[in-house]
Structure formats: C-alpha cells, structure tokens
Amino acid sequence: MKILFYDTKSYDKNSFEKESANYPEIEIDYLKTDLVPKTAPLAEGFDAVCAFVSSDVGADTLEILHDKGIRLVLLRSAGFNNVDLEKARQLGIRIMRVPGYSPEAVAEHAMALALACNRRLYKAYNKVRENDFSLSGLMGFNFYQKTAGIIGTGKIGTAMCRICHGLGMKVIAYDVYENPSLKDFVTYVSLEELLAVSDLISLHCPLMDTTYHMINIDTIRKMKDGVILVNTSRGALVKTDDLIEGIRMHKFAGVGLDVYEEETHNVFEDRSDEILEHSTTARLLSFPNVMITSHQGFFTVEALSAIARTTLQNAVDALQGKESGNDV
Ligand code: NAI
C-alpha cells in the first residue's frame, strides 16, 4: 500500500519510520505541504493519504481525492472536525483516526498550562533572566482544596480528573454521559453549577455543533472571579472575542490555551504583520495573564509512537478490508 503523507514534520517522519519497520507492506512518501484542494491532486497513484488536524478534508478536497482514486484517508489525530464526513460517506471514502493515543500527554499539558498561569511561570522565567529577582506580580493561589471543573470526561478529561484529584483538589465534572469509573472522586454537576463554583475550568469535550462557542460572554459571566480557564481541546469551543471581553472584565486569574480559533489558518506560521494585526490570537497574547502554546498537548515521545503505530495498523486493517473501531 502506498500512502502519501501530508504536512510532514521531522518528528512525524522519525516516529513513522521507526514504526513502519514492522509494516513491510506499507510504503510512505512524505510531503511537507498540507492537504488542501490545491494539493489533493498530488495523491494520484497512491492508495491512501495521511492527514492531520490542520488539513482541509472538506468537500472539495474529498472530491479531488476521489477523482484521483483515493478511498482511504488516515487521520493521525483524534479530532476529525476538519473532515466533511457526509461527503466522505457519499463518495465511499473510508476515514480512520487515532482515537486515544495518549490521553495523559494532553491532560498533563493542560495541568502544565494551569500551573504555569497560576504561578506566572512565564513572567517569573523572563524576570529572572533579566536579573530581576523580585516577586512582584507573581502571586498565585494553592490548587490544594480548590475546585477543578472538568468539562468532558472522556479519555483526556478522565486523565485530567485523576491529576486534579492527585493535587488534592475537589473535582467536579460536566458531561452529557457520566463516566462510572470516576465515581469515587468526581461529582457530576450541571454546567451552570460547574461554571459558578470552579477555581479551575478545563475543557475536554470535542468540537461539535452543540459545543461550538460553549464558552461565551454568558457562560463567562457565570464563572467565579479569579478563575483559571484552560482549553486544550479545540479553539472554537471558546468565542475568542467574548474571552477577550471577559479578560478585560478581570474575570480570569489566568487563561491557558493550547488551541485557538484561528489555528486552521496557520496564522502564526505566516507571521506577516498584517495577519498578526488582525488576529484575535495576537490580541489575546497582549494580555499578561494569557499563555498560549501551539497545539502541543499531544507532543510527547509516547504519544507520537502510539500515533504512528495506530495509523499504520489502521492502514493494514483497511488493506485487509477489516472493520475497525477507529473508523469515523
Ligand atoms: P473523548 O471522545 O474520549 O471524550 C470526549 C468527551 O466529551 C466524552 O465523554 C463526551 O461525552 C463529552 N461531550 C460530548 N459533548 C459534550 C458536551 N456538549 N458537553 C460536555 N461534554 C461533552 O475524547 P478525548 O480523547 O478525551 O479528546 C477530547 C478532545 O481533546 C478531542 O475532541 C480533541 O478536540 C482534543 N485533543 C487535543 C489534543 C491536543 O494536542 N491539544 C490532542 C488530542 C485531542
């Protein structure tokens, strides 16, 4: 099977080359460019394409891939909100993903953001480098015995609940389905209650019509003053303009974001001044209590190996016509 691999970074190539030694039936061609309608024709002559969260797997791309004979799209991600699933079904293109490669990788990053915001680590780091050893502007609060509100208790949210519990926090959660494995130390509450009582709110639900902009000015107003908000899920769970309004209202002690609404446009890869000037992400960065990382929650050695292994196994399963729990 020949796979065209889009948007290759050196770490992707390393982890896939290591794992592919165990899959001799698979041959991979690595491309730096991402998958968009303009680059989809390059897939001619391949059996499958491998895409990422940044790829545009919308209707136009799928039509072109279909014309070029592609019947399998391998997503090396858990999220699939960048895929037009209805179109894929119509065209008979199979979409497979990597559902849970390392929930702990993302949850640990969410907690890293929460702690870094709380204890102003980015500010402390810069101050000390400039020989300023004063503590002004660095005051945080104990997480111990405070309330963590986890929205979405699937694989990553569950790992986050465990971490918060380990820090001695009271853990409450909101989900449309309750996870019985958490019953010993997590109390499920309504979204309203979670917003009202949490000192730390961390988002771990997928982006869907029902969760789009779930954090907006109305939900922000319901939060406690001095709350820390962390989003490692998808940017559009948060309405950025409203978040900025909330920050201006001094609602937040800190905001930690690994994902942001403009991500799909790769706004920070093209660092032209004009784009940055009109970017809500750049506006967010102007606030001293906001910390943004570049969608790196998944980025650990363990997670990258697991992503490569599962993606290659998905390809083999598709090649053998097997059903899989990783079909989207
Ligand atoms: P999952 O599918 O295991 O869990 C999602 C949970 O959200 C489920 O329990 C579901 O019932 C719940 N949910 C659905 N609708 C909801 C709603 N309206 N309100 C509250 N909860 C709702 O997914 P997993 O693996 O835990 O991933 C969560 C998200 O994390 C993914 O959708 C993805 O967007 C993001 N992610 C981010 C990464 C990063 O590098 N920053 C890496 C991997 C995933």
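Mentor: A residue is near a molecule if one of its heavy atoms lies within 4 Å of it. Please keep in mind that this model is predicted.

Trainee: Which residues come nearest to the ligand?

Mentor: There are 24 residues around the ligand, and K155, I156, D175, T232 and D258 come nearest.

Trainee: And how do the residues of that shell divide into nonpolar, polar and charged?

Mentor: The shell around the ligand holds 11 nonpolar, 9 polar and 4 charged residues.

Trainee: What lies 3.0 Å from a nitrogen atom of the ligand?

Mentor: That is a polar side-chain atom of D258.

Trainee: How much of the ligand's accessible area does the protein cover?

Mentor: On its own the ligand has 870 Å² of accessible area, of which the protein covers 86%.

Trainee: Changing topic, how many residues has the largest nonpolar core?

Mentor: It has 27 residues, and those with the most contacts inside it include I3, F16 and L72. Two or more residues each come from β1 (2-5), β3 (48-51), β4 (72-75) and α12 (301-319).

Trainee: Which element gives the most to this core?

Mentor: α12 does, with 9 residues.

Trainee: What is L72 in contact with, leaving aside neighbours within four places in sequence?

Mentor: L72 is in contact with M1, D47, A48, V49, I93, R94, M96, A315 and A318.

Technical notes:
Residues are numbered from 1 along each chain as its sequence is written. This is a predicted model: local features need pLDDT of at least 70, side-chain atom pairs count only at pLDDT 80 or more; totals for chains, interfaces and linings use all residues. Side-chain values use heavy atoms; hydrogens and water are left out. A polar contact is a pair of N or O atoms within 3.5 Å; within protein, one must be able to donate a hydrogen and the other to accept it, and residues adjacent in sequence count only if both atoms are side-chain atoms. Accessible areas come from the Shrake-Rupley method with a 1.4 Å probe; for residues, only the protein chains shown count as cover. Ala, Val, Leu, Ile, Met, Phe, Trp, Tyr, Cys and Pro count as nonpolar, Asp, Glu, Lys and Arg as charged, and the others, Gly among them, as polar. A nonpolar core is a set of buried Ala, Val, Leu, Ile, Met, Phe, Trp, Tyr and Cys residues joined through side-chain atoms within 4.5 Å. Buried means under 20% relative accessible area, exposed over 50%, partly exposed in between (1.4 Å probe, protein chains only). Helices (H or I, at least four residues) and strands (E, at least two) are DSSP runs, numbered from the N terminus. Contact means heavy atoms within 4.5 Å.
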